[in-house]
Amino acid sequence: MNARELAWTAAGAAALGVLAHGHRELMSGLRRRAAPPPRRFEPPSVTVIRPIRGLDMDARENVRALLDLDYPGEWEVLFVFDSEDDPAFLPTREEVAARPTRAKRVELLIAGEPPVGMTGKLNAMQVGVAHARGALLAFSDSDTRPSPGVLTALVGALLEDGATGATFAPIYAAADAPLAGDVGYGLLVNAWYGASVASTAEPDGALPFIMGQLMVFRRRALEAIGGVGCAAGQFVDDMYLGRRLHQAGWKNRVVHVPLRVVTGHLGLGAFLRIFRRWILFSEAGIPGTFARPHWVRGAVSWLAWGSLATAVARRAWGPALLSAAPIGFSVWSQLRLQRAGHGPGIAPRHYWVPAVLPLLGAGVALSARLSRDVDWRGRGYRLDAKARLGEAQPARASV
């Protein structure tokens, strides 16, 4: 073996070692927290607030799932829209009228247009809080489909510890008939972010931030940081609220019961726009220790792809095989993490998606640096360098 072949072998082994170490760390995070045994508690009343703008995939089924919660205490649901002209308003009203529910009260509220410097979602959250009667406040994203027992698990965890100010459910993304974009989004949520949440969390699930597709707050904890309105000027409400709670001495805890984010009909272009939003979201509250493993995995994949391209151009098939090994391991690792994070299996025809996902991530991250304009839920926003809303918001109305 000459010096060049030795160098190729050493580089390939090093890349595999880095990826294998990262995989073990993430898998251990997914496995290490055993679900606690069910505990009895006196259930306080809960208000579930769901801001809605636009018609989500399988929107009616998502509404039905929320109405089918089996929380043992008194609870209510408030659906909050910008206006009655929203395409989801009529289907939601029809489902509420037709669906039996154990909720004591279900109402559809109109929030109107958000004030300057506030996202439409945060404006809807504030309107929901103003009409809420529950002792606890829960916020539910409209593209999620909760299982019946998830609210009970969230409240139970909240009451375990008087220092816990908020709890949230770990998410997984799944589509019934996935396209390439659905597969990419699922990997991003399940194999990357979800696995890192599990790996970063303390043994009791404590984290310095919230990923709040479904989150429950003590009113006292929210009042201590100025209510949900303290997130005015922020693009990402949940991570900011979680960070403020952490700074105020409260704990944010992730529970064990997973929450499905419903996707479908998502092409690659639409996924890349979502990916870009997630990168911007992460700038607003995710600590460096959380994001660093992602960048390491991405850098190794870039080096492996660069080495593979160089070896193929030189017709050096031995080095090409060595360069391809880390790429193959990266694909296998993402597939394993996807399943461990409650995600669905991926068909072989879509294996190319995890192979190129780290490459796409670098391009999307660069795009987020070059332009701070972003579309979200039918509105356009311009963000500053710290992913906060700029001075003139919304920047534009998108169609």
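Two strands count as paired if DSSP finds at least two bridges between them. Helices (H or I, at least four residues) and strands (E, at least two) are DSSP runs, numbered from the N terminus. Strand 8 and strand 10 (residues 251-254) meet that test: they pair in the antiparallel sense over two bridges. In strand 10, R253 is the bridge partner of A206.

This is a predicted model, in which local features need pLDDT of at least 70 and side-chain atom pairs count only at pLDDT 80 or more, while totals for chains, interfaces and linings use all residues. Residues are numbered from 1 along each chain as its sequence is written, and side-chain values use heavy atoms, with hydrogens and water left out.

Contact here means heavy atoms within 4.5 Å. Axes are lines fitted to C-alpha atoms, for helices over the stretch in contact, and angles run from 0 to 180 degrees between N-to-C directions.

Buried means under 20% relative accessible area, exposed over 50%, and partly exposed in between (1.4 Å probe, protein chains only). The buried residues of helix 5 are V150, L151, L154, V155, G156, A157 and L158. They pack against strand 1, strand 4 (136-140), strand 6, strand 9 and strand 10.

Three strands form another open sheet, in the order 5-11-7, with mixed pairing. Strand 5 (144-145) and strand 7 (171-175) are at the edges, each with a single partner strand, so one side of each lacks a neighbour in the sheet.

Strand 7 and strand 11 (residues 259-263) run parallel and are joined by five bridges. Y172 stands opposite R260 in strand 11, and A174 stands opposite V262. Strand 5 and strand 11 run antiparallel, joined by two bridges. T144 has V261 of strand 11 as its bridge partner.

How many residues of strand 11 are buried? Five of the five are, so the strand is largely enclosed by the rest of the structure. L259, V261 and T263 point one way, and R260 and V262 the other way. In a regular strand the side chains alternate between the two faces of the sheet. Helix 6 (residues 180-200) lies across strand 7 and strand 11, running at about 165° to strand 7.

## Salt bridges

Side chains of opposite charge can pair when their charged atoms come close. A salt bridge is a side-chain nitrogen of Lys or Arg within 4 Å of a carboxyl oxygen of Asp or Glu. The structure holds 20 of them. Three are listed here.

| Pair | N to O distance |
|---|---|
| E107 and R105 | 3.0 Å |
| D237 and K121 | 3.7 Å |
| D161 and K251 | 2.5 Å |

D237 lies in helix 8 and K121 in helix 4 (residues 120-131), so this pair ties together parts that are 116 residues apart in sequence. D237 and K121 are both buried.

D161 lies in the loop between helix 5 (150-160) and strand 6, and K251 in strand 10, so this pair ties together parts that are 90 residues apart in sequence. D161 is partly exposed, at 23% relative accessible area. K251 is partly exposed too, at 22%.

Salt bridges that share partners join R53, D82, E113 and R379 into one network.

In the remaining tabulated pair, E107 is partly exposed at 29% relative accessibility. R105 is buried at 10%.

## A buried arginine without a salt bridge

R277 sits in helix 9 (residues 268-282). Lys and Arg count as positive and Asp and Glu as negative; His and the chain ends are not counted. R277 is buried yet has no salt bridge. Where is the nearest side chain of opposite charge? It belongs to D375, 7.1 Å away.

The backbone of D375 does reach R277. Its oxygen lies 3.1 Å from a polar atom of the R277 side chain. A polar contact is a pair of N or O atoms within 3.5 Å; within protein, one must be able to donate a hydrogen and the other to accept it, and residues adjacent in sequence count only if both atoms are side-chain atoms. Leaving aside neighbours within four places in sequence, R277 is in contact with V374, D375 and W376.
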